[in-house]
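Please keep the sequence and the model in view while reading.

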Amino acid sequence: MAIVGLWKAGRGHLSYLFIPFAAAFSLFGADREFTPYAGVKAVLPADLRITGGAQWLAWCRRQDGAIRARLDQGDLDSIANFLLLGTSFTKQPRIPMDQMTAASKSGILRARVDDLVAGLRNPGENERLLFAQCLLRRQGIDPEGSRDPRRPGVFLYNNLLRVMNEEIRLGERIAQAQKLMRPDDPASLLNRSSAFRDRGVSLDTGIQPDFLIEQTLRDLKVRGLLREGQIARIAVVGPGLDFIDKNEQYAYDYYPQQTLQPFALYDSLVRLGLAKNDGLSVSILDISSRVIEHIRGARERAAKGAGYVIQLPREVSRPWPPELIAFWKSLGDQVGLAVPPIRPPEIFGGLEVRAVSIRPEVVRACESVDLDIVLERLNLAAGERFDLIVGTNIFVYYDAFQQTLALENAGAMLKPNGLLLTNDRLPEAPGGSMHLAGITVVGNNAVGWYRKQ
Ligand SMILES: C[S@@+](CC[C@H](N)C(=O)[O-])C[C@H]1O[C@@H](n2cnc3c(N)ncnc32)[C@H](O)[C@@H]1O
């Protein structure tokens, strides 16, 4: 056993014990542990000055706290996107980031801030407003009872300003990383230089990464690296929760918050014949209590027979590649039934919309677990380990050493030859258990397949 020992108590562990047993496989009782010191000794950066297991354990605890503290900042970033692009609290036109100056001059920004403050004072049943209200309260801003009535608006403006400044800095970083990408070197497409290493951890998600993963799985099958019916246990690290995207093209708040990746992945695996329709178990590993609770709620409703409805809007005027349109059209057909979609507000003129109700047994096959992939792993018996782990748009939030830790933690939970699929280049630990086995390129994006030795 690891020098650091196992730790069961703490965030999330006790509550997930009470979920009624539903799926064939459950992480019920699985222990979490920090990455063992013995496994990282050789790769520890000198400036950490860690020379023993106890110091390592203390460092892990501090790091874990620091990583989780970034979630609030990510939520505040989402509030800025909500302010600019939300349609559930205002009739004002949406403001893409690059039209901020014009929107400010015309008074549209001011009107949006006023409408959002009014919404925060009277959120009604709007779950995004209710969430934003709680988040602002945690920042010491009470939208309803502030002594200075301008305070909530000023807070929203300042938050927006902070996000805009960060976007400029991130844009420069991403441009630098893109300069190092070469079309003749697919591995360079994975190199995103930890661009989000110091930004708030956001929950943004959408259809694109799920499309990338389906294309990668198809590629792996064609190459004979994955066989029919081979996959039974999978994990999704960081599936996210669609609150409202930062990109205008994918930014919607007219439907309930939703997660897509676990269901899209299940759907893709069945479509490709890589998993059987009734034999898959999906573990969802995340640090966000919003994600964990969202999945738990869906599972509880599924236990009473309710499906999980996903809304799939597509702006027809945007040029999506034909393969992505085909994916959008089929998404969910292996795991659910098409249902009438929620009607989008008038402001979205050219939206084509699908909705799918995911079957309750598929939802019940998904189990969420609180786990920080950078520092933790589940201590699984050999027969319980995963065939496949998927983690997209998550490792870009971490620096090179953190990425190496995450790669080894994923490796510890995989079966021999199991795969981690991700759209980031993760530095391998010398003598470590995980190696980049290949890359699938899809347009300008790439997904690396890291194989457990
Ligand atoms: C930007 S979202 C990506 C969502 C989805 N994978 C996608 O590509 O659309 C990042 C997700 O990773 C989760 N996450 C971030 N850091 C994590 C960590 N250290 N361990 C586990 N989950 C993490 C976040 O809570 C969130 O659910």
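## Ligand site

The side chain of Gln 261 places an N or O atom 2.8 Å from a nitrogen atom of the ligand; here a polar contact is a pair of N or O atoms within 3.5 Å, where a pair within protein must also join an atom able to donate a hydrogen to one able to accept it, and residues adjacent in sequence count only if both atoms are side-chain atoms. The model is predicted, with local features requiring pLDDT of at least 70 and side-chain atom pairs pLDDT 80 or more, while totals for chains, interfaces and linings use all residues. Residues are numbered from 1 along each chain as its sequence is written, and side-chain values use heavy atoms, with hydrogens and water left out.

A backbone N or O atom of Gly 238 is 2.7 Å from a nitrogen atom of the ligand. At an oxygen atom of the ligand, a polar side-chain atom of Asn 393 lies at 3.0 Å. On its own the ligand has 600 Å² of accessible area, and the protein covers 98% of it (Shrake-Rupley method with a 1.4 Å probe; for residues, only the protein chains shown count as cover). There are 24 residues around the ligand (a heavy atom within 4 Å), and Thr 205, Gly 238, Asp 286, Thr 392 and Tyr 398 come nearest.

## Nonpolar cores

The largest nonpolar core comprises 102 residues. Such a core is a set of buried Ala, Val, Leu, Ile, Met, Phe, Trp, Tyr and Cys residues joined through side-chain atoms within 4.5 Å; buried means under 20% relative accessible area, exposed over 50%, and partly exposed in between, with a 1.4 Å probe and protein chains only. Trp 56, Leu 217, Leu 269, Leu 388 and Leu 421 have the most contacts inside this core. Apart from it lies another core, of 29 residues, including Leu 129, Phe 243, Ile 244 and Ala 251.

Leu 421 touches, among others beyond four places in sequence, Ile 213, Leu 217, Leu 388 and Trp 449 (contact means heavy atoms within 4.5 Å).

## Salt bridges

The whole structure contains 34 salt bridges, each a side-chain nitrogen of Lys or Arg within 4 Å of a carboxyl oxygen of Asp or Glu. One of them joins the side chains of Arg 68 and Asp 370 at 2.9 Å, N to O. Arg 68 belongs to helix α3 (residues 53–85) and Asp 370 to strand β8 (residues 366–370), so this pair ties together parts 302 residues apart in sequence. Helices (H or I, at least four residues) and strands (E, at least two) are DSSP runs, numbered from the N terminus. Both Arg 68 and Asp 370 are buried.

Asp 387 and Lys 415 also form a salt bridge, at 2.9 Å, N to O. Since Asp 387 is in strand β10 (residues 386–390) and Lys 415 in strand β11 (residues 414–422), the pair ties together parts 28 residues apart in sequence. Asp 387 is buried, at 14% relative accessible area, whereas Lys 415 is partly exposed, at 23%. Elsewhere, salt bridges with shared partners join Arg 32, Asp 64, Arg 68, Asp 370 and Glu 376 into one network.

## Leu 85

Leu 85 is located in helix α3 and counts as buried, at 3% relative accessibility. Beyond four places in sequence, its contacts include Ile 95, Pro 96, Ile 244 and Ala 251.
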